[in-house]
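Dear colleague,

I am handing over the structure that we spoke about, and I would ask you to keep it open beside this email while you read.

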Amino acid sequence: MNARMRTLVAAALVAGIASGPAVAHAAPAPAPASPPASVSSEWRAASVPAQSVPAPTVSTPPNAAALEAAIAGLGPQHRDATAALVRVGGTAGRWQGSSGVSDIRTGRDAVEQGRFRAGSVTKAFTAAVVLQLAAEGRVDLDGPVRRYLPGTVPDRYGAVTVRQLLNHTSGIPAADGPGDSFEAQWEHRFDVTDPRAQVANAVAKEREFAPGTAQHYLNINYTVLGVLIEKVTGMRYEDAVGARILKPLGLHGTSFPGRTGTRIHGPHNRGYQAIPQADGSRELRDVTEWNSSDRWAAGDIISTTADLERFTVALFSGRVVPEDRLEEMFTVPDVPDRVSGKPAVMSAGLSRIVLPDGTVAWGKTGGRHGYNTAIGATRDLSRTLVYSVNATDAKGQDMNRVALGIVMAAFTK
């Protein structure tokens, strides 16, 4: 891929990160050339009759060599990441790989089935629960938020609807926080945040724009949705997601740490943030333990690549959200992005990415310090992708280069 195409892919993906059985059973296939020693990988072709998937968006098997190269050589010496876990699936075949170390102190290999902070991938789960409630007639997407949460949204904001929260067109500004710098956030990493206090802080400000006239991707929209889920279901947000999605799909490696939780329970790869030093070297600071209550329904979930793959396939297949409501997740509002001025790309819980070759993918990225995560797929599930990259600047302005390489190898020819 040439430099221009690489830039276009990166731009499309950065726009998206601003702020049952997983797939068909596979049959053995000839193994590709042996991967580098630092990469653990697996590839096999799917035994799905060609006529069962007419005109697939992606018809070629995953490029094993390109995927292996994308995650080769990770560890404390690598500029961008200490580890990566990748699953590529779809009707044309599967590939699975891991690279790097689980702990820079011990140098042990990355835990291939490890758990990780999935950040804003949480929004796909939150949106799915809201759309389930809409399908049950318990929530009207065009109804004003104040119908369900009286007194939450001020009259001066106008009639902010549930749909506008889902697709980030509400005009509600972000709540105050410790600041954008890593050091500021590090000092407050164990703070416990009350989501209702966040909402009150945000709506005390003037609205950013009239509801429905622009899109601004902000966590506050999904914080309000988390509060709405609790009000409508009478359950804690975490319990509602568990009962409606995690348990039915058997996502046993997926959980929420809770308001006071700081650890990733179960096997996992530790996360690190690179801190530049005065002598030109860098410190890899362990950022694995962190309280994410300030992200809550917008970015608090912990999961595995296997669970997120299962969720993605079930979601796109209509087994999580009923078909008559699922279209909300594949509908982007016809408004400009408030920051870039370009057309909006976010839908309800997902984002649309058009790759340079014309391939359209849908998915959600997430970033927490030490962890970059993504789920993605073509609408027909001919290609799916889930990755977790232990990025050493996971909240940086630019997309992590290892993650970008994974996406290009998974979706581009």
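In helix α13, the buried residues are V402, A403, L404, G405, I406, V407, M408, A409, A410 and F411, so that ten of the eleven residues in this helix, which runs over 401–411, are buried and the helix is mostly covered. Please bear in mind from here on that this is a predicted model. At the start of α13, a side-chain oxygen of N400 comes to within 2.9 Å of the backbone nitrogen of V402.

The chain around this helix has 413 residues, of which 58% count as buried, and its secondary structure comes to 13 helices and twelve strands. The chain exposes about 16700 Å², and carbon and sulfur atoms supply 51% of that area.

Nonpolar side chains deserve a careful look next. In soluble globular proteins, such side chains tend to be buried together. Here the largest nonpolar core holds 75 residues, and those that touch the most other members are F125, L166, I245 and F311. Helix α3, residues 122–135, gives the most to this core, with nine residues. Another core, of 29 residues, lies apart from it and includes I353, A361, V407 and M408; V407 and M408 are also among the buried residues of α13.

What happens to strand β4 in the rest of the structure? Seven of its seven residues are buried, and therefore β4 is largely enclosed by the rest of the structure. Strand β3, residues 81–89, pairs with β4 in the antiparallel sense over six bridges, and R87 stands opposite Q96 in β4. The two strands form a hairpin with four residues between them, and in that turn G90 has a positive phi of about 135 degrees. Within β4, which covers residues 94–100, you will find S98, and S98 counts as buried because its relative accessibility is 5%, where the cut-off for buried is under 20%. The C-alpha atoms of S98 and A72 are separated by 8.8 Å, although these residues are 26 residues apart along the chain.

In the loop between β4 and β5 (116–119) sits D103. Is D103 buried or exposed? With 9% relative accessibility, D103 counts as buried. Its side chain reaches the backbone nitrogen of R105 at 2.8 Å, and a polar contact of 3.3 Å joins the side chains of D103 and Y272. Leaving aside neighbours within four places in sequence, D103 is in contact with R108, R270 and Y272.

Two residues are worth checking for their backbone angles. Most residues other than glycine have a negative phi. H168, however, which is not a glycine, has a positive phi near 65 degrees; H168 lies in the loop between α5 (162–166) and α6 (182–187), and counts as buried because its relative accessibility is 2%. W296 likewise has a positive phi, near 40 degrees, in a residue other than glycine. W296 is placed in helix α10, residues 296–299, and is buried, with a relative accessible area of 4%.

Finally, there are the aromatic rings. A pair of aromatic rings is described by the distance of the centres and the angle of the planes. In this structure the count comes to eight aromatic pairs. One of them is formed by F330 and W362, and this pair is edge-to-face, with 5.3 Å centre to centre and 85 degrees between the planes. The pair links distant parts of the chain, for F330 is in the loop between α12 (323–326) and β9 (351–354) while W362 is in strand β10 (residues 360–368), 32 residues apart. Both F330 and W362 are buried. Elsewhere, F182, W186 and W290 form one aromatic cluster.

With best wishes

Terms used. Residues are numbered from 1 along each chain as its sequence is written. This is a predicted model: local features need pLDDT of at least 70, side-chain atom pairs count only at pLDDT 80 or more; totals for chains, interfaces and linings use all residues. Side-chain values use heavy atoms; hydrogens and water are left out. Buried means under 20% relative accessible area, exposed over 50%, partly exposed in between (1.4 Å probe, protein chains only). A polar contact is a pair of N or O atoms within 3.5 Å; within protein, one must be able to donate a hydrogen and the other to accept it, and residues adjacent in sequence count only if both atoms are side-chain atoms. Two strands pair if DSSP finds at least two bridges between them. A nonpolar core is a set of buried Ala, Val, Leu, Ile, Met, Phe, Trp, Tyr and Cys residues joined through side-chain atoms within 4.5 Å. Accessible areas come from the Shrake-Rupley method with a 1.4 Å probe; for residues, only the protein chains shown count as cover. Rings of Phe, Tyr and Trp (its six-membered ring) pair if their centres lie within 6.5 Å; planes under 30 degrees apart count as stacked, over 60 as edge-to-face and the rest as tilted. Contact means heavy atoms within 4.5 Å.
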